[in-house]
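Here is a short report on parts of one protein model. Keep the sequence and the 3D view at hand as you read.

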Amino acid sequence: MSAPHTRGTGSASTLSQAERAAERYTDGEWHRLHPATPLLRGGIVFIAVFGFVLSNLRERLIGFFVGAPEYTGDPLDAIYDHGWEGWALLGLAVVLLLCLGAFYLSWRMHSFRITGDAVEVRSGILFRTQRKARLDRIQGINIVRPVIARLFGAAKLDISVAGHDANVQLAYLGSTLADGLRGDVLRLASGVRAAEAAAEASGAVAAVGAPGTASRTAAVGDLVGRRVNEFLAPELDPNAAPPASVVKIPPLRLLGSLLLSGFTVFLLVVVAFLIWGASSGELWLLIVVLPGLIGSASFYINRFTKSLRYSIAGTADGVRVGFGLLSTSNETLPPGRIHAVEVLQPLLWRPFGWWQIRIDTAGHSREKGAAGQPNTTMLPVGDAADVSRVLSLVLPWFATEEHRALIEAGMVSRGRDDFTGSPRRGAWIRPFSWQRTGYMVVDDAILLRRGVVWRSLAIVPLARLQSLELQQGPVDAALRLAEARFHTVSGPVRPRLAAIDAPTGVRLFEEVSARAVAAAAADRSHRWGSHVGERRSQGAAAPAPAVGPDHAAPAPPRNQEEP
């Protein structure tokens, strides 16, 4: 399994040009956003209004160019007949100036600053607001480049923070500046920025020549060239991550996963119902259902195009997930921010060996993920090799060669192996999946395996466990069974295990409780780079920045005896 890409903490030469240029924005002073922000945030409204006006004047425009009969009752005719052209133009100019002035004033009053412990944004004209995101609470940083913003070389920087509606968004910044700020903010959050500053102070500073003068024509040509290169450039910079860590989705596999989905099954049922209705003379069904079927084509097209160029890679700042063709998005998840991971396989995907990976995080970007899916879908579709590589990125301290066989058993095994499984009487609760149901506690993580029709393997780092619940209903009590629920942050992963032996559940409760307390006390992932600087100051080699909970002795597997 590949390891995330690392960057030397004390080596300033490893910083990208964008990160160096962005360092002056992390000086603790207030800075303004991209000059095109008023146009991108509010100017689009003018485009919509202009389109509305054109649609209402289409008859007049057609008549002006090709000739057409005149219509009465047109408001423009009334303005022209009363001689109000000047007043109308003046009113229109005043409205435009007021709107432009409001947008400009909003831009002037919208600023941000980045300090050593937080990112702050203040905005508003009459009603002022100020949002603050603590660096140690950052769960991820997403850079979104809508297609219109890409024309201006701008991008949105969305900082996800743990908590409800706690995100901080910088819309818009220069595209290169957004990339640099993401790296700088994550280095500040990791605790290595001070070590980098000390290394730069002790090293020689390269001389930077004064920019030469260039003609205006050359400057315009350079600007156009940069915009074209940005559109044609690959979604993931080849220098940002080693090729061995990059996971991509082939277009044919992506298309196949969309066709082999629950929505396709629903459409087939609707089509069969429609055919039955048409054959029985119920033609009204065609009028009601057919438009919806035609519109469903846009569902597949939208999901397919928005998932193109999907890639997952391990970078120096964390796990990076990017996608998009015209409008692009790439989010970086720092180490230690993933609370639970689930590897699942729908029944229709089983003949092809395809899997999906979902995660739980304490904060989510405001922007949607690939194909409109939640940002909690880490891998929309991939084979077993892709699953292994992605797990090595999101859980590098656990998904190692040592645990490869254990993870594969959790994915495809039918049961009766090293996992602690459900007793035979669990068949009364889980008649089909009782043999596959099982768990294993190893290092500072617990693996939960369940499902036969819909296979699922959940991995929960114990340092991220919020609470543990052991539940027993009247049926469970009669069968001497219990259900264990592992509570993490809100998300799509539901770590729970039913139909386990009641005495075994009590032992699991006690063991996991003790291990979770110890793992949380030893966890240092909120400042995942601080120990790197300490080790470098002592002359020791620095480990990969994607750290996880400190390892504990693995629990020996137990085969549960049948009663």
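The report covers a sheet, a pocket and a helix, in that order.

## The model

This is a predicted model. Keep that in mind for each value below.

## A three-stranded sheet

Start with the open sheet. Its three strands come in the order β19-β20-β21. The pairing is antiparallel. Two strands lie at the edges: β19 (467–471) and β21 (496–501). Each of these pairs on one side only. From one strand to the next, the twist averages 20 degrees.

Now look at β20, residues 481–487. Four bridges join β20 to β21, and the two strands run antiparallel. Find Arg485: opposite stands Arg496, in β21.

## The second largest pocket

How much space lies in the second largest pocket? The volume is about 390 Å³. The lining of this pocket has 22 residues. Closest to its centre are Ser257, Ser261, Gly262, Trp349 and Gln356.

Which elements give two or more residues to the lining? They are the helices α10 (251–259), α11 (262–279) and α12 (284–306), with the strands β13 (355–361) and β14 (377–382). By type, the lining residues divide into 14 nonpolar, six polar and two charged.

## Helix α10

Helix α10 gives two or more residues to that lining. Ser257 is among the residues closest to the pocket centre, and Ser257 is also buried in α10. Arg253, Leu254, Gly256 and Leu258 of α10 are buried too.

What covers these buried residues? The cover includes α11, α12, β14 and α13 (384–394).

Notes. Residues are numbered from 1 along each chain as its sequence is written. This is a predicted model: local features need pLDDT of at least 70, side-chain atom pairs count only at pLDDT 80 or more; totals for chains, interfaces and linings use all residues. Side-chain values use heavy atoms; hydrogens and water are left out. Two strands pair if DSSP finds at least two bridges between them. Axes are lines fitted to C-alpha atoms, for helices over the stretch in contact, and angles run from 0 to 180 degrees between N-to-C directions. On a 1 Å grid over the protein atoms alone, a cavity is a set of points where a 1.4 Å probe fits but cannot get out, and a pocket is an open set with protein on both sides within 12 Å along at least five of seven lines; lining residues have an atom within 4 Å of a point. Grid points are joined across faces, edges and corners, and a volume is the space filled by probe spheres set on the points. Ala, Val, Leu, Ile, Met, Phe, Trp, Tyr, Cys and Pro count as nonpolar, Asp, Glu, Lys and Arg as charged, and the others, Gly among them, as polar. Buried means under 20% relative accessible area, exposed over 50%, partly exposed in between (1.4 Å probe, protein chains only). Contact means heavy atoms within 4.5 Å.
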